[in-house]
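I would ask you to keep the structure in view while I speak.

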Amino acid sequence: MLSLGIEGTAHTLGIGIIDDKGKILSDVKSSFFPPKGIHPREAAEHHAQMAPKLLKDALKTAKINPKDIDIISFSQGPGLPPCLRITATFARALSLKLKKPLVGVNHCISHIDIAKLMTESCDPIVLYVSGGNSQVIGKTCGKYRVFGETLDIAIGNAIDKFARECNLGFPGGPIIEKLAKKGKYIELPYTVKGMDFSYSGLVTDIVRRHRQGAKLEDLSFSFQEHAFAMLTEVTERALAHTEKNEVLITGGVAANKRLGKMLSIMCKERGAKYFACPMQYAGDNGVMIAWSGILNKKKGKTTKIEDSRIRPKWRADDD
Ligand code: ATP
Ligand code: FE2
């Protein structure tokens with residue numbers, strides 16, 4: 001079985017093709033990163049313009065004809081409505097033209113599915129940290145549950161906001177990680193409430209200190225220490241609560257070495273295994289959607305055209 005997957009929840013339009021054994025035939029993408037931040041309608045316009053070319057590229061890389069595809073998978077939510085609408089329309093059109101079933105996929109669960117395929121992990125507590133999402137997720141009684149999440153902005157968004165407000169450029173993650181290497185510790189707000197956490201107070205404090213002349217190296221180092229300790233604390237609590245013994249990190253922020261280090265130390269101390277999704281598949285991509293499509297199809301879950309409307313607020317625990 002061959003699945004073509006279309007991802008388009010935010011900045012990135014990606015098309016991937018994978019077979020039911022997990023062999024990747026193509027993985028093409030185009031990202032839209034305007035200097036002043038994302039405007040949903042402009043990103044949607046980018047996706048609409050790029051979709052036909054990416055489809056052609058994906059088929060060419062896979063060396064297949066459109067009729068070889070068995071299912072059309074697409075990210076149905078969560079995400080930015082204008083972007084989701086373009087993706088869904090493109091997927092519906094392909095499904096109708098090729099007369100192949102449509103499979104609507106939850107973007108967050110898809111990150112977990114591909115991370116599991118790429119690692120040896122079986123039943124992990126997942127830390128999904130990206131520009132738009134920050135959640136600690138695990139499966140209990142056959143259902144994904146969100147054990148902890150951000151109460152306001154996502155970690156990646158907090159990092160990018162810090163970088164933007166301090167004129168460091170975009171995306172902020174790699175820049176702040178580099179600056180942090182030369183920084184010293186400053187005490188900053190640390191907000192964990194039960195199993196949830198919050199970043200807006202931390203960013204506000206950073207920006208205030210920057211204006212008062214604090215060194216960017218110190219702010220970067222201290223931001224990472226606080227923000228990542230919050231994630232590590234909640235992940236550890238989810239491990240203890242569920243008695244699981246695996247942690248799996250994914251999402252764009254998984255690129256950060258300091259976060260990886262903190263999590264692996266915590267896992268070592270608890271006797272748990274630590275897994276990280278390879279970065280090529282940790283950010284948004286079409287392959288992950290294609291793979292979740294295969295898993296859904298195997299469970300008999302396909303999506304009728306009339307049920308394929310976008311789900312901008314679709315949660316991983318509402319599948
Ligand atoms: P989603 O739609 O799942 O929310 P996204 O569109 O935000 O995803 P990703 O590629 O998953 O895209 O994540 C991008 C985020 O990762 C950005 O906020 C960026 O600053 C952050 N990031 C990238 N590299 C690093 C790094 N080395 N350290 C910390 N953060 C990083
Ligand atoms: Fe994502």
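The buried residues of helix α1 are covered by, among others, β1 (2-7), β2 (12-19), β3 (24-31) and α2 (81-98). Contact here means heavy atoms within 4.5 Å; helices (H or I, at least four residues) and strands (E, at least two) are DSSP runs, numbered from the N terminus. Please note that this is a predicted model, in which local features need pLDDT of at least 70 and side-chain atom pairs count only at pLDDT 80 or more, whereas totals for chains, interfaces and linings use all residues. Residues are numbered from 1 along each chain as its sequence is written, chains are lettered from A and ligands numbered from 1 in the order in which they are written, and side-chain values use heavy atoms, with hydrogens and water left out.

Which residues of α1 are buried? They are Ala 43, Ala 44, His 46, His 47, Ala 51, Leu 54, Leu 55, Ala 58, Leu 59 and Ala 62. Buried means under 20% relative accessible area, exposed over 50%, and partly exposed in between (1.4 Å probe, protein chains only).

One of these buried residues, Ala 51, is also where α1 bends by about 45 degrees, with Pro 52 following within four residues. The bend is the angle between axes fitted to the seven residues ending at a residue and the seven starting there. After α1 comes Lys 63, with a positive phi near 55 degrees.

I turn now to α4 and α5. The axes of α4 (residues 155-165) and α5 (residues 172-180) come within 8 Å and cross at roughly 75 degrees; axes are lines fitted to C-alpha atoms, for helices over the stretch in contact, and angles run from 0 to 180 degrees between N-to-C directions. α4 is therefore roughly perpendicular to α5, a term that covers 65 to 115 degrees. On the α4 side, Ile 159, Asp 160, Phe 162 and Ala 163 make the contact, and on the α5 side Gly 172, Gly 173 and Ile 176.

The loop between these two helices holds Pro 171, and the peptide bond joining Phe 170 to Pro 171 is cis, with omega about -10 degrees. Asn 167 is found in that loop as well; its phi is positive, near 55 degrees, and at a relative accessible area of 70% Asn 167 is exposed.

Pro 78 is found in the loop between β4 (71-77) and α2.

Methods:
Angles under 35 degrees count as roughly parallel, over 145 as roughly antiparallel, 65 to 115 as roughly perpendicular and the rest as oblique.
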